[in-house]
Amino acid sequence: MKFQGSDQYVATPDLMLAVNAAVTLKRPLLVKGEPGTGKTMLAEEVATALGMPLLQWHIKSTTKAQQGLYEYDAVSRLRDSQLAGVEGGAKVKDIHNYIVKGVLWQAFTAEQPVALHIDEIDQADIEFPNDLLRENDRREFYVYETRELVQARHRPVVFITSNNEKELPDAFLRRCFFHYIKFPDADTMRAIVDVHFPGLKQELLGHALKTFYDIRNLPGLKKKPSTSELLDWLKLLVAEDIPLDALQSKDDKVAIPPLVGALLKNEQDVTLFEKLVFMQRHNR
């Protein structure tokens, strides 16, 4: 099974190599990169390309590794025991009715190999990554409430994404294959845009990309515009039928583009950009 990109996802050669290396080594693929570089979509497209079902687990600051295995819903059992009549007692007595299977349990017991996407692992506490991968390495875990051992039928193909908001433990990193998705260059970005807007005029795209990268390269930006924001902006330019000359600057200097709110998302960045335009116009 080799991932070679898809019609809906433009994967660079180094990214395809990383995916296939992780599959060969049977290790989780840890993916980092700027927001909007396609980290989340990668798992979806690989799963589709390899013909695998996809399970997704979105991590929050309160998420515990145990939730990926199972949870025992003691509250529901207590409530049912208080409300149950003679007929409802059988359900309460069977503890299996109150065991909630987590995504790792579902992945282990699936009829066929699955892809498992663990999104934003850096949101959880420091112990979460090691606890999670320990169970994945062993491919089994024990359910104390039911006294059963759950063993994996197949090893899932695991994708883990991180926004680099928190350092991950060394023990966790040793168990992963790592890849950093670089922000797309102009040629790759053209290919990405072509997937979403196949009929877009090349002259419009050329001027739009120049403006986009001019903004991204502006020093001091609090939040640089991402690929998804570029696509939103292009969609608006087409929908509003913005003329080409609105994107052109006669003296080849930076100008405030139309619908800039699709690219800059806070007042500090808008103010900084306006100051740059003002200074260039007055040659200061």
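## Surface, core and contacts in a predicted model

At 43% relative accessibility, Leu-149 counts as partly exposed. This is a predicted model. Leu-149 sits in strand S7, residues 148-151. Together with Tyr-142 and Tyr-144, Leu-149 makes a nonpolar surface patch of about 340 Å².

**Strand S8**

S8 has two pairings to note. Strand S1, residues 29-33, pairs with S8 in the parallel sense over 4 bridges. Within that pairing, Leu-29 stands opposite Phe-159. Strand S5, residues 115-119, also pairs with S8 in the parallel sense, over 4 bridges. Here Ile-118 stands opposite Ile-160.

The loop between S7 and S8 holds Arg-155. Arg-155 counts as partly exposed because its relative accessibility is 26%. Arg-155 and Thr-109 are 46 residues apart along the chain, and their C-alpha atoms are separated by 9.8 Å.

**Salt bridges**

Side chains of opposite charge can pair when their charged atoms come close. The structure holds 9 salt bridges.

| Arg-216 | Glu-34 | 3.0 Å |

Glu-34 is partly exposed at 25% relative accessibility.

Lys-64 lies in the loop between strand S2 (54-58) and helix H3 (66-69), and Asp-125 in the loop between S5 and H7, so the pair ties together parts that are 61 residues apart in sequence. Lys-64 is partly exposed at 45% relative accessibility. Asp-125 is partly exposed too, with a relative accessible area of 26%.

Glu-111 is in the loop between helix H6 (103-109) and S5, and Arg-153 is in the loop between S7 and S8, so the bridge ties together parts 42 residues apart in sequence. Glu-111 counts as exposed at 66% relative accessibility. Arg-153 is partly exposed, with a relative accessible area of 49%.

There is also a network of salt bridges, linking Lys-223, Glu-229 and Lys-265.

**Pocket and cavity**

Rolling a probe the size of a water molecule over the atoms shows where empty space is left. The largest pocket holds about 630 Å³ of space. Of its 32 lining residues, the closest to the pocket centre are Tyr-9, Gly-36, Thr-37, Gly-38 and Lys-39. The elements that give two or more residues to the lining are helix H1 (13-25), helix H2 (39-49), S8, strand S9 (177-181), helix H9 (186-196) and H11. Which element gives the largest share of the lining? H9 does, with 4 residues.

The structure holds 1 cavity of 30 Å³ or more. About 30 Å³ of space lies in the largest cavity. Its lining includes Ile-121, Asp-122, Ala-124 and Asp-125. Lys-166, Glu-167, Leu-168 and Pro-169 are also among the lining residues.

**Backbone points**

Arg-139 is not a glycine, yet has a positive phi of about 60°. Arg-139 is in the loop between helix H7 (128-138) and strand S6 (140-143). Its relative accessible area is 33%, so Arg-139 is partly exposed.

Leu-259 is not a glycine either, and has a positive phi of about 60°. Leu-259 is in the loop between helix H11 (227-239) and helix H12 (267-281). Its relative accessible area is 34%, so Leu-259 is partly exposed.

Helix H7 contains Asn-136. Asn-136 is buried, with a relative accessible area of 5%. Asn-136 and Ala-246 are 110 residues apart in sequence and 54 Å apart in space, C-alpha to C-alpha.

Conventions:
Residues are numbered from 1 along each chain as its sequence is written. This is a predicted model: local features need pLDDT of at least 70, side-chain atom pairs count only at pLDDT 80 or more; totals for chains, interfaces and linings use all residues. Side-chain values use heavy atoms; hydrogens and water are left out. Patches are made of residues with over 30% relative accessible area and no salt bridge: like charges are joined within 9 Å, nonpolar side chains (Val, Leu, Ile, Met, Phe, Trp, Tyr) within 5 Å. Accessible areas come from the Shrake-Rupley method with a 1.4 Å probe; for residues, only the protein chains shown count as cover. A salt bridge is a side-chain nitrogen of Lys or Arg within 4 Å of a carboxyl oxygen of Asp or Glu. Buried means under 20% relative accessible area, exposed over 50%, partly exposed in between (1.4 Å probe, protein chains only). Two strands pair if DSSP finds at least two bridges between them. On a 1 Å grid over the protein atoms alone, a cavity is a set of points where a 1.4 Å probe fits but cannot get out, and a pocket is an open set with protein on both sides within 12 Å along at least five of seven lines; lining residues have an atom within 4 Å of a point. Grid points are joined across faces, edges and corners, and a volume is the space filled by probe spheres set on the points.
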